[in-house]
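Please open the model in your viewer and keep the selection tool at hand. The tour below goes from stop to stop, saying what to select and what is found there.

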Amino acid sequence: MSVRTLPLVFINLGGEMLYILDQRLQALNTSEDNSEKVLNDIVGAMFSKDFMDELLKPQQLYSHRTLKTVLTRLAHASIMRLNQASMDKLYELMVMAFKYQVFLCPRPKDLLLITYNHIDTIREFVRHTPVVVNQVDETHRKIIEIYSSLAEGDFQLLRQTLLIFFQDMHIRVSLFLKNKVQNPNGRFALSPSGPVPHGIDVPGLIRMFDRKGREVRRGEFPTGGSYTSPIRQGCFALHGNRVITLGMNMYVGTVLTPHHLSTHACTPSPPAILLQKDDAPNLLAKEELNLLARLMGSMKAEDMPETETGFRINLFTSDQEEEDCLFGVINIQAMQDEQAATQLARIAGQFAEGGEMPEELSSSKGDDLLAMMDEL
Amino acid sequence: MAADDAKAVLLREGSSMYHKEKSIQIKNSASALYNNLCALRIAPRRLTYFTVVHANVVNMVSASWDGLNYSHRQLQSKEPNVATSTSLIMQAAFCSLPSRDLLVVTSQKGIQVYESDGSIMVYWHALDIPETQTAQAMFARGISAVRDSYICVGISTGAILVFDVPSKGSNITLSDVLEGHKESITDMASECCGGEVCIADLVSADDGGNLCVWKSGEEFKLLNHIPGFDISCSSVKLWKGTVVAGYGTGQIRLYEAVTGILHAEVNAHARWIYSLDIAPYSGLLLSAAEDSLVRVWHLTMTPESQSVEIAHLHNECVTDTQICGAKFCDADGYAFAVTGYDLSEIIRYTQS
């Protein structure tokens, strides 16, 4: 369908990824230097000219598998390392957040405002590094240039393409359930109330005209909802008030524990469609393989110097394992004080079946952990 | 059912014009596409076919009227001579001609025509797709049977293909290409009033909200062009010479087809309208939108003022659902069916 989805998909999904990483890095007491470096490196890779130019070429949207592969590579453009389980869960969160934003998007064109909300926050993350800020600005300008000429119908086609991409995903996210934006059945809340989108009239009015175009009668009908007049339109320029809040950092102000980020798959739904199958054998369609190659090639893959130490981060547990990292670990999970230790035990307990002791958890290796997470 | 009878039903205390029936489960969820539900009544066999599009698959379910038998079939958009990735389907619609019923499926790659039960593909038309990807998405969308032997299909370029259909067999031929639109076709509809003589046979709508009114024949003739307001007309119907159009602004407008005179304008929905349908015998109109609401209206012709009036009758809210398809199940509007994005069921309502 739409051939203009990829740039928006990467900026929005990438944005959600950065929101979560930023919050977790803070919660795990990562040094400010390390945090900033991680975010700068990822943003730098994502908004690099070559990578963005590849994305901006008109092309179809590809599979979740391809996107996840590229996003993992982007995350690893930094000195941070995520294990597969973390990346899988992270991807689920990113996608559900973006699905929520696309689903509730007031007008199709507001997809741009959602994207600009992500870009605005990303710019804030890297504000101390002018080189990267420039990259972000350049990309933002290109997006404005290309998407300004799209009609509302094109944006709706784009949105419909994204909705097909997200179809049948009803992963329940604890934070969304808590905020009541998602129901226990995994569906997002949609209320027939509130302000109508900009440019739309509040429903309820019927107007009749004579053959000369003069209004001869008007009437009202019961709408079954409680709508109010539209709020003002958001700003589509490089800087400005976007007005709508979708796409802003919903993790700000919360202390993100693994519990908030925990996800629960729903009961098995009808068989996944072709586009959703991540368990397909390595038979990515030829075009997807080509795209993957082009995208990976366009990312700046700076070789890690021997002396530099990377660090491994577990996003969704606070385990103390993972000693055998490739780069010699800075163990960022080492929390000294008692309060943190208690919190660790509590968080670890939430992932244990039948009250296993945290010590047992920390001694288990990666596979057991994965199995345990699958049981959630 | 006359408007007066309908209103009388509503005035009865505690009663509602329609009530919800048992849903039909389908194999996949519905995709967020315009007009994503089609129904075909097969009276001799006392059953109704429904079609719902899910990405690259058409879900067909055949439902017996006694509610006891349901059978399912899935059509994948496996186009011949297409070696690479599968193609997303934009729309599936039944085309009823005097001699036969056919199922037309439009996708990014082309147009497939099946027997109405989906058993055999009788015709395939490939879209002219350029070698290298252009900035413009390419697909077919907008399907309508016209008069005795035509099936018209719209293209994202704005062109409309006219196919000549024989009374049986697969010798379908492309007989005309209509150039009335510059923007992507969204929906098309033919005159559905049946017996009465009408001047206009077909109306087509596009992403700019422009409407074209046509007369069919060996060469189709453009009778009128009704300009839009840069907002997509996502669903359109033609009844007794009146165009009923639903827009992305949630508005419904009634135009006199041949002259373009605006009869009425309704601020009907708070979000994009996805589907309209008319029950031709009763003049009932169904509208459904992303705002999770389905509304039932009544259209009355007023010959004295040479006008059409619209009155609201009923609302149904499908909780937390962006509706993408709504169709009457019969020509009186006694029952209607609804589909929604991410929903794996066809929800049905019947008059109380």
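Before the first stop, some conventions are needed. This is a predicted model, in which local features need pLDDT of at least 70 and side-chain atom pairs count only at pLDDT 80 or more, while totals for chains, interfaces and linings use all residues. Residues are numbered from 1 along each chain as its sequence is written, chains are lettered from A and ligands numbered from 1 in the order in which they are written, and side-chain values use heavy atoms, with hydrogens and water left out.

**Stop one: the interface**

Select chain A and chain B together, and colour them separately. Here 59 residues of chain A are in contact (heavy atoms within 4.5 Å) with 66 residues of chain B. The two chains bury about 4,900 Å² between them, 52% of it on carbon and sulfur atoms; buried area is the accessible area (1.4 Å probe) that two parts lose on being put together, summed over both. On the side of chain A, the residues that lose the most area to chain B are A:Met1, A:Leu190 and A:Arg211, together 14% of what that side buries.

Across this interface the rule finds 27 residue pairs in polar contact, with both residues at pLDDT 80 or more. A polar contact is a pair of N or O atoms within 3.5 Å; within protein, one must be able to donate a hydrogen and the other to accept it, and residues adjacent in sequence count only if both atoms are side-chain atoms. Next, highlight α5 (84–104), α8 (152–165) and β4 (205–209) of chain A, each of which supplies at least two residues of the side that touches chain B. Helices (H or I, at least four residues) and strands (E, at least two) are DSSP runs, numbered from the N terminus. The largest share of that side of chain A, nine residues, comes from α8(A).

**Stop two: salt bridges between the chains**

Chain A and chain B have five salt bridges between them. Begin with A:Lys99 and B:Asp342, whose side chains meet at 2.7 Å, N to O. This pair crosses from helix α5 of chain A to the loop between β28 (335–340) and β29 (345–351) of chain B. Are A:Lys99 and B:Asp342 buried or exposed? Both are buried, a term for residues under 20% relative accessible area, with exposed meaning over 50% and partly exposed in between (1.4 Å probe, protein chains only).

Move on to B:Glu256 and A:Arg211, which form a salt bridge at 2.8 Å, N to O. The pair runs from strand β21 (residues 251–256) of chain B to the loop between β4 and β5 (215–220) of chain A. B:Glu256 counts as buried because its relative accessibility is 17%, whereas A:Arg211, at 30%, counts as partly exposed.

**Stop three: a strand pairing across the chains**

Select β4(A) and strand β22 (residues 262–267) of chain B, which run antiparallel and are joined by three bridges; two strands pair if DSSP finds at least two bridges between them. A:Arg207 stands opposite B:Glu265 in β22(B), and these two residues also form a salt bridge, with the closest N and O atoms 3.1 Å apart.

**Stop four: strand β13 of chain B**

Now select strand β13 (residues 159–164) of chain B, where five of the six residues are buried. Strand β12 (residues 150–155) of chain B is joined to β13(B) by five bridges in the antiparallel sense, with B:Cys152 opposite B:Val162. β13(B) also pairs with strand β14 (residues 173–179) of chain B, antiparallel and over six bridges; there, B:Ile160 has B:Leu178 as its bridge partner.

**Last stop: B:Ser287**

Finish at B:Ser287 in strand β24 (residues 284–289) of chain B. B:Ser287 is buried, with a relative accessible area of 0%. Its side chain makes a polar contact with the side chain of B:Trp297 at 3.0 Å. Beyond four places in sequence, the residues in contact with B:Ser287 include B:Ile252, B:His269 and B:Leu293.

Note on methods
A salt bridge is a side-chain nitrogen of Lys or Arg within 4 Å of a carboxyl oxygen of Asp or Glu.
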